[in-house]
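Hello,

Here is the structure I promised to pass on to you. Have a look at it first, and then read on for what turned up.

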Amino acid sequence: MTQYILRRLLLMLPVAFLVTILVFVLIRLSPGDPLVIYAGEERDPATLEALRQEYGLDRSMPEQYVSWITHAVQGDLGRSLRTRQPVLEAIVERLPATIELGITALVLSVTVALVVGTLSAVRRNSPLDLLATGFTLAGVSLPNFFLGLILILVFSLAIRLFPPGGYTALREDVWDNLRHLILPAITLATASMAVNMRQVRSSLLDTFGQDYIRTARAKGLRETMVIARHALKNALIPVVTVIGLQIGAIIEGAIITEQIFSWPGIGKLAVDSIGGRDYPVVQAIVLISALSFMVTTLVVDVLYAWLDPRISYGGPQS
Amino acid sequence: MTRLLTILTVLALVTGACAGTTPSTTGGGASTAPSAAVKPTVGGTVTMVLENDVIDFDPLKSRAFVDRNVHYQIYDSLVRIDETGKIVQWLATKWEASTDGKSVTFTLRDDVTYHDGTKFDAESVKWNIERYIKTAGSQRAGELASVDTVEAVNATTVKFNLKSPFSPLVANLVDRAGMMVSRKAFEAVGNPDDFTRKAFKAGTGPFMLTEAIKDDHMTLEKNPSWWGKDKDGTKLPYLDKITVKPFTNSDTRFTNLRTGDAQVANNIAGKDVPTAKTESSLTYQERPALSFRSLIPNRAPGFVFNEKRYVKAVSMAIDRAQLLDKGYFNLGAVGYGTIAPSHFAFDASFKPFEKADPEGAKKLVQEVGQGPLRFELMVSAGDPATLTIATLIKDQLQKAEIVADIQQLEFAKILELQSAHTFKGLTFVGWSGRIDPDGNTYDHIYSKRPFNDSSYSNADVDKLLDEQRATSDQEKRKAALRMAEQIYVVDDPARIWLGFGAAQLLTSKKVNAPPAYPDQIVRFHLMSMAAR
Amino acid sequence: MTWYLRRHPRVFIGGGLVTFLILVAIFAPFIARYDPTFVNVSQSLEPPSVDHWLGTDDLGRDVFSRTVYGSRISLSVGLIAVGIGFFVGVTIGLIAGYMGGLVDLLAMRAIDALLAFPALILAISITAAFQKPELWHAMVAIGVVAVPLYTRLTRGQVLSIRERDFVLAARALGAPARRIVLRHIFPNITNPLVVQATLSIAFAILAEATLSFLGLGAQPPTPTWGADINYSQRWLSNFKWWMSVGPGLGIFLAVFSFNYFGDALRDALDPRLRRSGT
């Protein structure tokens, strides 16, 4: 197992390297000069030239890459071209907002998925099941920017229950933080809620067909006990996988959701930085999300093996 | 130069004299809060929603227009403007130009200290101006290009020696180029890149920056020892604290005011103005601003708009009144050039394209004899408001048989094409406006200047623009500016101007709002909480 | 046929929905009641009525007509982008899976890199790198984002049947690799690929809408759903909801149809999953 993890970690290096090259080339192929973009109404050529030299943007692309990657492996991700804030600090500053939104969405999504998915599997083909299945398909089919806008229309503009956007840090005002959190969390959770619910339902149905469940039922155990003790536990294995993959989806979804709700997190920073060609910030965000994506996948795989001893990773590459 | 400065000096002396007898105008500039009858409440906290995050708190590095909304609260500059756009005393109580126009001497207040406790004096001015001029990559170098050296004559007198007479200098010192930063605070931070993000307690202004979290919020706290007083002698500012929250989405800003989550905004979409005016919990104020809206053609050889008659034809075919009504929702005013209504050189009778003339435009295109006119109209991607206006223009030009193909491009790409002078058709460009008409004109029109994106070059215009810079005679400047405007708008058009913007101020009824200023910046030092 | 219909009614419902959408796209000029780009400011911001079923936007354009025409962009992007992703992804998957060894190792690391790259950021960056947003560029961007899905799926399938008797037999007879892959392996792995392709069309339509929402898709005045929502969202705060609802329903219907169809196909084509029958 340890060997497997080590091998996977080792394989991450070339992948991360490829990702950095890809992002470096793509963003620099994109038209536009970050200094001119951020110059706004101050476009004195002499000033721009001085800044270009100071920021090292006058050097060749390979030179810039080598310089960036040498610093990056030492943990120095440079400074934002727009704000001159150290990139790492910029990311760390926005992490709490993104993590709070992501975790709330994930918890919301998993809770609803487990409860409704279980009920739906137990009462298969009941009106509840049909409703839940319908909701599932509807949920994945609704673009989150549209859902977000509709939620704002109804809950902030029409009945003025929640603010239409913005953020208050948790440590500053818990109540205000929650008020701002609810709509974006629902927006972000909906699509993955649908996928999770479908997964819970079908793997439970799968498990219901297994012999040991039939045995448990034959032994006269109460239905709730059967579900809680036996079925749910085993059904969780594929669910864990899906949830793991949903973390990636939530990171993706956060990009648009943060944009719509003016949520000051990583996603908003990413979109703003691409638009403004803030090279160091884009590079760092892509690198960090790629790394966390790979680590998450690894954790899910390991968890999977741990939950289901039948799976072994000792053998040849799968 | 001398005469303008003399006029200004007289004005300054008049207001200064008032300050001597009654403390009414000190610091307030023109402190005419709407409800001046009631004594304002001291204390209270307000939240302002701003259209973007403030990037640079250091005036030296500041590029974005939006930064100034905070700069004006935390820094004082040598001079300021009143609500009509007139230059008034601020840290400098009077200023005088030498007879040859090659130096200007400022007399400074002597009761001013920085937030960090250091004293403000002539040495401090010298250090600041030299920093703005000499630092590599300084964004203020252009505005102060005419300044050769600065001399601290004594603690309260500072002399600017100029390379050549430059009449707009004092107007430039109203804004960031005239803002005073504490040397101690700056040097304590060390790295200028860090100072521009953490300029805490670094100015002399009515409020102090105490917290700044990117894209989230900024906190400005009352400077208890600010020098300004209201007309009753009460120390300004009244408010204890301002929280500034950046929201790029105008709807979010407006909704925050409607729900009471914020109390102040200075920029809301035109479509929401009717609602803002009728909403019982809000007060809406508007005043003509110094900003203009324009379309830039590429006048360089080899591009379709190298032909000046094409530029004029487009200008003739555009129905500016309809654009203002349906595109800008009547926010702002119809306009044709760079000189805005609150500029001294504004000519209200200058209305070259008052009525859209598609027939005349059609004739002009035929006169060129190169067949029908067709070009690209570039719009920044994901900007619905501009897209509406572009679609209206496309529709209007159709009546003159001119075809505009709307092309959405990333803002970054448009800027690239614009500054490389390689774009094919027209691009939208706005300008936030400067106090002196020179700031709205020179760099946009004069050959090879940084904002001359249309590659425009007209020797007569260049000559007139140089003339108005060198003379201090306001009448002569006015004449030269107007003569130039006739050329670069009508005879040999550099751009297609669509109109002027408006300065807005939307406040909750929970606060007593100061008037809106043409520079669109909120005077928080005059704002107070409404009496319960 | 009737047997199949009775056994898999959902395939037919899904297929019907998809056919309906395609017909709407083809016959858009006959269904739409106005020119979708016709500006008429005297009739701007009208709520839904008999004349304008989904009202008009701020330029007086008919929202229903724009929504109908929007289906053309969404469907063509969906089909072409998926076509690109399918072709490239399956090709790489077949080669990597069949050849194994170093080729496989290298190809899969590149695919891993694409997969680890946040998809939306990748799509935005690719469109930006094209210099100019155009429909075609959005299609390529979405296609590239979809590549890893197909590669991984194909490779997994190839690995699972590579050592089967009929493949080994063909190889023993000296058939060239190309022939083995295309004649013997590929036909045996099409089912999961077809299911994946149908589901990816839904994904591609959603992705196009998102890119258009950010202004990086087809150019105005061409009506597209994502761009139209972006265009009209500012009017939501003034309760001119119909401008956004038209294109919103368009996206929803299209994505729903392909998701439903793909789901049904999966049930029908994959016997392992049939039992759980979602």
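**A sheet in chain B**

Four strands of chain B form an open sheet in the order β4-β5-β7-β6, with antiparallel pairing. Please keep in mind throughout that this is a predicted model. At the edges of the sheet are β4 (92-97) and β6 (147-154) of chain B, each of which pairs on one side only. From one strand to the next, the twist averages 20°.

Within this sheet, β5 (residues 103-108) and β7 (residues 157-162) of chain B are joined by five bridges in the antiparallel sense.

**Another strand to look at in chain B**

Next, go to β10 (residues 241-246) of chain B, which runs parallel to β1 (residues 45-50) of chain B and is joined to it by six bridges. Here B:Val49 stands opposite B:Lys245. Strand β10(B) also pairs with β9 (residues 217-222) of chain B, this time antiparallel and through four bridges. One bridge there has B:Glu221 and B:Lys241 as partners.

**Where chain C meets chain A**

How many residues of chain C are in contact with chain A? There are 36, and they meet 41 residues of chain A. On the chain C side, α5 (101-116), α6 (119-129), α10 (190-213) and α12 (242-269) each supply at least two residues. That side of chain C is made up of 23 nonpolar, ten polar and three charged residues.

**The largest nonpolar core**

In soluble globular proteins, nonpolar side chains tend to be buried together. The largest nonpolar core in this model has 319 residues, and those touching the most other members are B:Ala313, C:Ala123, C:Ile142 and C:Ile205. Helix α4 (residues 63-99) of chain C gives the most to this core, with 15 residues.

Enjoy exploring it, and write back with any questions.

Best wishes

Technical notes
Residues are numbered from 1 along each chain as its sequence is written. Chains are lettered from A and ligands numbered from 1 in the order in which they are written. This is a predicted model: local features need pLDDT of at least 70, side-chain atom pairs count only at pLDDT 80 or more; totals for chains, interfaces and linings use all residues. Two residues are in contact if their C-beta atoms, placed from the backbone, lie within 7 Å. Ala, Val, Leu, Ile, Met, Phe, Trp, Tyr, Cys and Pro count as nonpolar, Asp, Glu, Lys and Arg as charged, and the others, Gly among them, as polar. A nonpolar core is a set of buried Ala, Val, Leu, Ile, Met, Phe, Trp, Tyr and Cys residues joined through C-beta atoms within 7 Å. A residue is buried if 20 or more other C-beta atoms lie within 10 Å of its own, exposed if 12 or fewer, and partly exposed in between; C-beta atoms are placed from the backbone. Two strands pair if DSSP finds at least two bridges between them. Axes are lines fitted to C-alpha atoms, for helices over the stretch in contact, and angles run from 0 to 180 degrees between N-to-C directions.
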